Amino acid sequence: MADDSVQRPLADSNKAEPSRVRRWFARLLYLLYLAIILEVGLQLFYFVTVGQWLPMRMSVPMFARNEHCEFFNRANLKLTHNSGEFKTTIYTNGQGLRTSAEAADYPLGKQAGKRRILLLGPSFAFGWGVDYEQSFASLLQAKLFNDPAFGPDVEVLNAGVPCLGPVQELNWYQHEGKKFEPDLVIQFVYGSTVVPSGGEWNSVEVDDNGFLIKKNATTKQRIVGYAKNSALVYYLWQAAIHAESWFDQPQGGAKVEGAGREMPLHGAFNPDSPEVIDSMKFYTDLRATVEQTGAKLLVVYFPLSYCVHEGDRSRWAHLGVVDIERQNQFDADFCQYLQEQGFDCLNLTDNLKAAAAAGERLYYYVDIHWTPAGNEVAARAVAGFLKESSLTTPLRHPAN
């Protein structure tokens, strides 16, 4: 009889290996099944509590292609936009400008008895996350309405467009905005005073359904985009907000991520640096264009939340934010330099920091935009600046 004592353990070992693989595969399938069930459940929970599906918090079909500035707000829009942090309804008039529910068009040309302020800028100017009556444009008009330097004849036109860069806004103004013949143009710039003159701000375009999509998105950007639409990721992030120590360690890099625009990190301000020289081309073109149309220009700069709320710093650290004080100093120096070059530049950083120190929440936690209180602080600061500045004397005020 042959001795098979050596062969039998080998055979048993070969059988055990596939068995272990099958068990691990079954476990992975079970975990995947649980994740799918949890994802579906959380998506339904979000819909029930918010009133819209999770992807709609960031992706809204509210845009239309524009030959002068790539895209603009869709005209005659009525759209509900909800998230876990806000609920609002967006209205635009037939010209694509954000308005109240009346959505009336603004007559072109100079109107007797009216003094116009035209607001240019991205989503902060548009009033993302707030109703029109809570937006900067509406609040500014309300404050100027009761100011003797302006009076009830002032109207503020909101030409803010989410994600639109300053160069594209300038192109829109050159072809369409100037037809409103404003007396004053306010240009919002957020996050960094550096504005590339080549228009590199946020490389997006609008699709046939009115959604903004990334141009030439990388694999990483696509993965991040899909992940942001996951309810699991969203609610884990919500939990992480209340555990700030998760993000205490800064991740050094060449730029700040998650800001909604290109934001390279800067050293000490130097007027001869390439980034400043390039940005000055934009600011100079903007001022020249505005003044050629008979209007005056005010540049309004403000930072993102991590420069204002101390508690937000740790949540931005992993996105490249390293030296906030240096960043604030750079932007303050750039605004001062603009003033030295004859620009009217208002830096809202100190106004926002003072309000935050008093306990006001000026930026949403997950969404990066202003809360109603943030819009209020900004409008109050700009109204005060206009009252004290030469921009109010005179604004064109045609005779009847």
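Predicted model: local features only at pLDDT ≥ 70, side-chain atom pairs only at ≥ 80, totals over all residues.
Me: Why is the pair of Lys110 and Asp183 called a salt bridge?

Reply: The side chains of Lys110 and Asp183 meet at 3.0 Å, N to O. Lys110 lies in the loop between strand 4 (87-91) and strand 5 (115-120), and Asp183 in the loop between helix 4 (166-175) and strand 7 (184-190), so the pair ties together parts that are 73 residues apart in sequence.

Me: How many salt bridges does this rule give?

Reply: The count comes to 9 salt bridges. Lys143, Glu376 and Arg380 are linked in a network of such bridges.

Me: What makes Arg361 and Asp312 a salt bridge, and which parts does the pair tie together?

Reply: Their side chains meet at 2.7 Å, N to O, and the limit is within 4 Å, so the term applies. Arg361 is in the loop between helix 10 and helix 11, while Asp312 is in the loop between strand 10 and helix 8 (313-317); the pair therefore ties together parts that are 49 residues apart in sequence. Asp312 has a relative accessible area of 2% and is buried.

Me: How do you know that Glu325 and Arg313 form a salt bridge, and are these residues buried or partly exposed?

Reply: The N to O distance between their side chains is 2.9 Å, and the rule asks for within 4 Å, so they form a salt bridge. Glu325 lies in helix 9 and Arg313 in helix 8, so this pair ties together parts that are 12 residues apart in sequence. Glu325, at 49% relative accessibility, counts as partly exposed, since exposed requires over 50%. Arg313, with a relative accessible area of 21%, is also partly exposed, because buried requires under 20%.

Me: Why is Gln327 called buried, and what does its side chain reach?

Reply: Gln327, which lies in helix 9, has a relative accessible area of 12%. The limit is under 20%, so Gln327 is buried. Its side chain reaches the backbone oxygen of Gly191 at 3.2 Å; a polar contact requires within 3.5 Å, so this pair meets the distance limit. Not counting residues up to four places away in sequence, Gln327 touches Gly191, Met263, Tyr306 and Cys307. Of these, Cys307 counts as buried at 2% relative accessibility.

Me: How do you know that Cys335 and Cys345 form a disulfide?

Reply: Their sulfur atoms are 2.1 Å apart, and the cut-off is within 2.5 Å, so the pair is a disulfide. By this rule the count comes to 1 disulfide. The link of Cys335 and Cys345 is left-handed, with -125 degrees about the S-S bond. It joins distant parts of the chain, with Cys335 in helix 9 and Cys345 in strand 11, 10 residues apart. Both cysteines are buried.

Me: Why are the buried residues of helix 10 said to line one face?

Reply: In helix 10 (residues 349-357), the buried residues are Thr349, Leu352, Ala355 and Ala356. Seen down the helix axis, they fall within an arc of 135 degrees, so they line one face. The face turned away from this buried side carries the exposed residues Asp350 and Ala357.

Me: What covers that buried side, and what follows helix 10?

Reply: The cover includes strand 10 (296-302), helix 9 (324-340), strand 11 (345-347) and helix 11 (372-388). Just after helix 10, Gly359 takes a positive phi of about 105 degrees.

Me: Which residues have the most contacts inside the largest nonpolar core?

Reply: This core has 99 residues, and those with the most contacts inside it are Trp172, Ile186, Phe188, Tyr283, Phe334, Leu348 and Val382. Helix 11 gives the most to the core, with 7 residues. Among the residues that Val382 touches are Phe136, Leu140, Ile186 and Leu348.

Terms used
Residues numbered from 1 in each chain as written. Heavy atoms only, no water. Buried < 20%, exposed > 50% of the residue type's maximum accessible area, 1.4 Å probe, protein only. Helix = DSSP H or I, 4+ residues; strand = E, 2+ residues; numbered from the N terminus. Arc of directions from axis to C-beta. Contact = heavy atoms within 4.5 Å. Polar contact = N/O pair within 3.5 Å; in protein donor to acceptor, adjacent residues only side chain to side chain. Core = buried A, V, L, I, M, F, W, Y, C linked by side-chain atoms within 4.5 Å.
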